[in-house]
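I am opening a notebook on a structure that is new to me. I want to look at the chain as a whole before turning to a single residue.

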Amino acid sequence: MTTPTTPSAAASGTWTLGDRTVHRIGFGTMRLPQSGAAFAADAVPRDRDQAIDVLRRAVELGVNHLDTAAFYFSRLRSANELINRALAPYPDDLVIATKVGPGRDLAGQWLPHASPGQLRGQVEENLRQLGRDHLDVVNLRVVGTDSIAERFGALADLRAAGLVRHLGLSNIHPHHLAEARTIAPVVCVQNMYGVGASAEQKQLVDLCGEQGIAFVPFYSIAGTGRDAGATTDDSRAVRTAARAHGVSAAQIRLAWTLHQGSHVLAIPGTGDLDHLAQNVAAGSLRLTDDELTALGPLPDPA
């Protein structure tokens, strides 16, 4: 049971994702199937019981928004199947968001992105692994600047058929959002964002806020570390704020991200119970205006 000294995701506030209310601190499962860098061919599979314990503890701490994908797997572990094993039958308030578009073969090598006709198979694979009859949120992962109309239209058809409840986008440019919204409602956008983000990245965050769309940043802790994990290249402002609040640099990075708007939902991932508790606790951090100014100057677009 949660005590006054136990972090709770509820302290981060809430956002309505489509028609589902979620706490703004969620959990990303990319790092759960393995230790070390995600997607590495030689990644060491994470201990199964450890991964299951982390997922169950996340829910105990109030996390009700999980981010996953069928292409999150190592030699022995699949994020979706770990979620199924740990949490099914699923809590009524749990929202599971997944991604389609990319794929990996059995050896873990990346495949060409799915065509419109292949997306149904990817959705059905997520359904099978998660043990669901529908998916709460499906994000179309995008690479490049080309039109997404055909692919997003294919997902809109699956939404109309009842296999998908809500649609989102991942790794996009602003024109992709405008294009998608002419086809079907978009409830969230997942893009890279964190301390040190560019002015262009910030503009997309603000655009989503203006349109009532959740913005879900990835690599908000990892920064330049990306798939490999948390950055060690913290600025003086990050280190100063961490000392002032008696927390880690990673917690300051998460807190700063959440301060960018009430529509911003964080999905930090970890396979460590202590790091999980720290990530959830970051949702209750309140940074001062001076700290936000020190952390937030954006570089000139030029």
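**Overall form.** I began with the radius of gyration: a compact globule of 302 residues would have a value near 19 Å, and the chain has 18 Å, so the two agree. I kept in mind while reading this value that the model is predicted. Along its principal axes, the C-alpha trace spans about 50 × 45 × 35 Å.

**Elements and contacts.** I looked up the secondary structure and found ten helices and 13 strands in the chain. Taking the contacts between residues at least 6 apart in sequence, I noted that 73% of them join residues at least 24 apart.

**Burial, surface and charge.** Of the 302 residues, 53% count as buried, while the chain exposes about 13300 Å², with carbon and sulfur atoms supplying 50% of that area. For the charged side chains I recorded 27 positive and 31 negative ones, the centres of the two sets lying 3 Å apart.

I then went to the loop between α4 (149–160) and β11 (164–170), where Leu 163 lies. Is Leu 163 buried or exposed? Its relative accessibility is 15%, and because buried means under 20%, Leu 163 counts as buried. Leaving out residues up to four places away in sequence, I listed what Leu 163 touches: Arg 120, Leu 127, Asp 133, His 134, Leu 135 and Leu 158. Last, I checked Leu 163 against Lys 99, and found the two 64 residues apart in sequence and 14 Å apart in space, taken from C-alpha to C-alpha.

Definitions and conventions: Residues numbered from 1 in each chain as written. Predicted model: local features only at pLDDT ≥ 70, side-chain atom pairs only at ≥ 80, totals over all residues. Heavy atoms only, no water. Helix = DSSP H or I, 4+ residues; strand = E, 2+ residues; numbered from the N terminus. Rg over C-alpha atoms; globule rule 2.2 N^0.38 Å. Buried < 20%, exposed > 50% of the residue type's maximum accessible area, 1.4 Å probe, protein only. Contact = heavy atoms within 4.5 Å. Areas by Shrake-Rupley, 256 points an atom, 1.4 Å probe, with all protein chains shown as cover. Lys, Arg positive; Asp, Glu negative; His and termini not counted. Charge placed at Lys NZ, Arg CZ, Asp CG, Glu CD.
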